[in-house]
Amino acid sequence: SLRAEIPEVRIDGDHLRAPGRFESDVFGGRITLSGLQVERIFSRLPRIGMDVSARGLSLEQATRALDLGRMSGTLEGSIRGLVIERGQPQAFLADFSVVDRKGVPKWVSADFVEDVATLFGSGNAVSTTLNRGVNRFFQRYRYDAFGFTCRLKNDVFYPRGKIRRDGAEYLMWGRWNYVRIVIRDPGRGIP
C-alpha cells in the first residue's frame, strides 16, 4: 500500500517542493520517501531530490524479488541527499545495517555474496572468503553482522564497511570465518 502525507506542494518557477512524505509497505517493512524536490519540472530532464528511509525490510523477500542471490535478516537504514538526473543517481549518502530481530535467522547464499562483492568493488576493493578451504563446498552460510555506508559523488562510489575487526572494514562478518566480505582499500573511490 502507498500512503502520502503532503501538507503542501510549493512551485516556484520551475522548482517543485513537497515537504511531506510518501510511505509504502514492501518486503515486510516500510520505505519512506521525504523531502521531495524537483528542479526543472517542465524540462524533459528534471532533477529529482529526496531522502529515503527503510525500516524492517525482510531481506529474504527482497532478494527473492530482486534476484540477487538469497539473504535473510532484517534491513534498516537510509539514503540521504539522493539526487537523480537523466534517470541515474548523481549523489547520495547511504547507511544500512541488518538488525537483530527475534525469530529471524541470518544466512546468506554464495551467489548473494559474489553479487555484493561485484557491486561494492568489482573484485579489487572487496575480498570474500567463500572460495577458500571448506567454504567452497557450501551454498548457504550463517553471518553475524552486515552493514555499510556508501557515498556517490561526482560519478565516484565510496563504499565503507560498518564492521571493524583486526584493523579491517567488513561489509559482512561471520564467526569462524564462514563468510566475510572485507573492503580492501577503505575510502578509495570506485569510478
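## Asp 95 and Lys 162

Asp 95 and Lys 162 pair up in a salt bridge, with their closest N and O atoms 2.6 Å apart; the term here means a side-chain nitrogen of Lys or Arg within 4 Å of a carboxyl oxygen of Asp or Glu. The pair links distant parts of the chain, 67 residues apart: Asp 95 is in strand E7 (residues 88–99) and Lys 162 in the loop between E12 and E13. Helices (H or I, at least four residues) and strands (E, at least two) are DSSP runs numbered from the N terminus.

Asp 95 is partly exposed, at 32% relative accessible area, and Lys 162 is partly exposed at 35%. On this scale, buried is under 20% relative accessible area, exposed is over 50%, and partly exposed falls in between (1.4 Å probe, protein chains only).

This is a predicted model, where local features need pLDDT of at least 70, side-chain atom pairs count only at pLDDT 80 or more, and totals for chains, interfaces and linings use all residues. Residues are numbered from 1 along each chain as its sequence is written, and side-chain values use heavy atoms, with hydrogens and water left out.

## Other salt bridges

The count comes to 16 salt bridges. Another one joins Glu 85 and Arg 40, at 2.5 Å from N to O. Glu 85 sits in strand E6 (residues 74–85) and Arg 40 in the loop between strand E4 (29–39) and strand E5 (47–58), so this pair ties together parts 45 residues apart in sequence. Glu 85 is buried at 14%, while Arg 40 is partly exposed at 29%.

Then there's Arg 21 with Glu 23, closest N and O atoms 3.3 Å apart. Arg 21 is partly exposed, at 38%, but Glu 23 is buried, at 14%. Both belong to a network in which salt bridges with shared partners join Arg 3, Glu 5, Arg 21, Glu 23, Asp 25 and Arg 30.

## A negative patch

Asp 67, Asp 111, Glu 114 and Asp 115 gather in a surface patch of negative charge. Patch residues have over 30% relative accessible area and no salt bridge, with like charges joined within 9 Å. Asp 115 is in helix H2 (residues 110–119) and is partly exposed, at 35%.

## Two positive phi values

Most residues other than glycine have a negative phi. Asp 155 has a positive one, near 65 degrees; this residue is in the loop between strand E11 (145–153) and strand E12 (156–161), and is exposed at 56%.

Asp 166 also has a positive phi, near 50 degrees. Its loop runs between strand E13 (163–165) and strand E14 (168–173), and Asp 166 is exposed at 75%.

Key
Patch = residues over 30% accessible without salt bridge, like charges linked within 9 Å, V, L, I, M, F, W, Y side chains within 5 Å. Areas by Shrake-Rupley, 256 points an atom, 1.4 Å probe, with all protein chains shown as cover. Lys, Arg positive; Asp, Glu negative; His and termini not counted. Charge placed at Lys NZ, Arg CZ, Asp CG, Glu CD.
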